[in-house]
Amino acid sequence: MISLCMDSAYKNLVLGLYEDDRLLAGIANEAFKQQSETIFVELNQLLAQTHLDYADIDRVIITDGPGSYTGIRIAMTIAKVLCTQMHKELYCISTMQLYAGMEPSANVILDARSHRAYIAHVENGIIHPETQVLSLDEVKTFIDQHPGTLMGDAYLLDQEGKPSDFLANFIQVPARKIENIHALVPQYLKSSNAYKNK
């Protein structure tokens, strides 16, 4: 089975082509607010590198948030068009799963602006209980109550987080199959007005 994994939800552009669980080719580059300009260039290069075509892809796996209001939609829109027109299977994971991977116990923190952060406790690829948006003071309390390896934007707490292996994590964490592709919507966690007012 050939899988295409795509993430443009936050700071990075992550693209991977896999045969079953084996990475054929991929990139994981910081590309904040540049994902839309580079995603097709990078994707076409990966396809050429692996001698594959869009028709060879069996399923697409994307992140559905949280993250940038615009960023989440880039990979999601491409995936929805590709899967609808070419009858491919579509799967989603959370951005927090992508950062944590299969770490036994991890706390993923991502900048949500305005002295707030997305925070999730992830155990072996599963989020417990759910991703939240908290003030940085509340994040400190959350981490005290949920011990684990800190990943993501640890600098918000003046700490150093463990690096994430995005290309390995994408294919390892449990993904959910999207039965109704047209009904798939990004998981913003913040209202769109919060972005419009910035």
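Helices (H or I, at least four residues) and strands (E, at least two) are taken as DSSP runs and numbered from the N terminus. On that basis the secondary structure of the protein comprises 6 helices and 10 strands. The model is predicted: local features require pLDDT of at least 70 and side-chain atom pairs count only at pLDDT 80 or more, whereas totals for chains, interfaces and linings use all residues. Residues are numbered from 1 along each chain as its sequence is written, and side-chain values use heavy atoms, with hydrogens and water left out.

**Overall dimensions**

Along the principal axes, the C-alpha atoms of the protein fill a box of roughly 50 × 35 × 30 Å. The radius of gyration is taken over C-alpha atoms, and the globule rule is 2.2 Å times the number of residues to the power 0.38. A compact globule of 198 residues would have a radius of gyration near 16 Å, and the protein agrees with this at 16 Å. Buried residues (under 20% relative accessible area, with exposed meaning over 50% and partly exposed in between; 1.4 Å probe, protein chains only) make up 49% of the 198 residues. Contact means heavy atoms within 4.5 Å. Of the contacts with a separation of 6 or more, 62% are between residues 24 or more positions apart.

**Packing of α1 and α2**

Two packed helices are described by the angle between their axes and the distance between the axes. Axes are lines fitted to C-alpha atoms, for helices over the stretch in contact, and angles run from 0 to 180 degrees between N-to-C directions. Helix α1 (residues 35-50) packs against helix α2 (residues 69-86) at an angle of about 40 degrees, and their axes are 10 Å apart. That angle makes α1 oblique to α2; angles under 35 degrees count as roughly parallel, over 145 as roughly antiparallel, 65 to 115 as roughly perpendicular and the rest as oblique. From α1, Gln35, Ser36, Ile39 and Phe40 meet Ile74, Ala75 and Ile78 of α2.

**Backbone features**

| Feature | Value | Location |
|---|---|---|
| Cis bond, glycine 65 to proline 66 | omega near 5 degrees | proline 66: loop between β4 (59-63) and α2 |
| Cis bond, histidine 128 to proline 129 | omega about -10 degrees | proline 129: strand β8 (residues 126-135) |
| Positive phi, histidine 51 | about 60 degrees | loop between α1 and β4 |
| Positive phi, asparagine 124 | about 50 degrees | loop between β7 (116-123) and β8 |

Histidine 51 is exposed, with a relative accessible area of 72%, while asparagine 124 is partly exposed at 41%.

Aspartate 64 lies in the loop between β4 and α2 and is buried, its relative accessible area being 2%. Leaving aside neighbours within four places in sequence, aspartate 64 is in contact with Ile72, Met76, Cys92, Ile93, Ser94, Arg176, Pro186 and Gln187. The C-alpha atoms of aspartate 64 and tyrosine 10 are separated by 10 Å, the two residues being 54 apart along the chain.

Asparagine 169 is found in helix α5 (residues 166-172) and counts as buried at 7% relative accessibility. With neighbours within four places again set aside, asparagine 169 is in contact with Gln97, Leu98, Tyr99, Ala100, Gly101 and Ser164.
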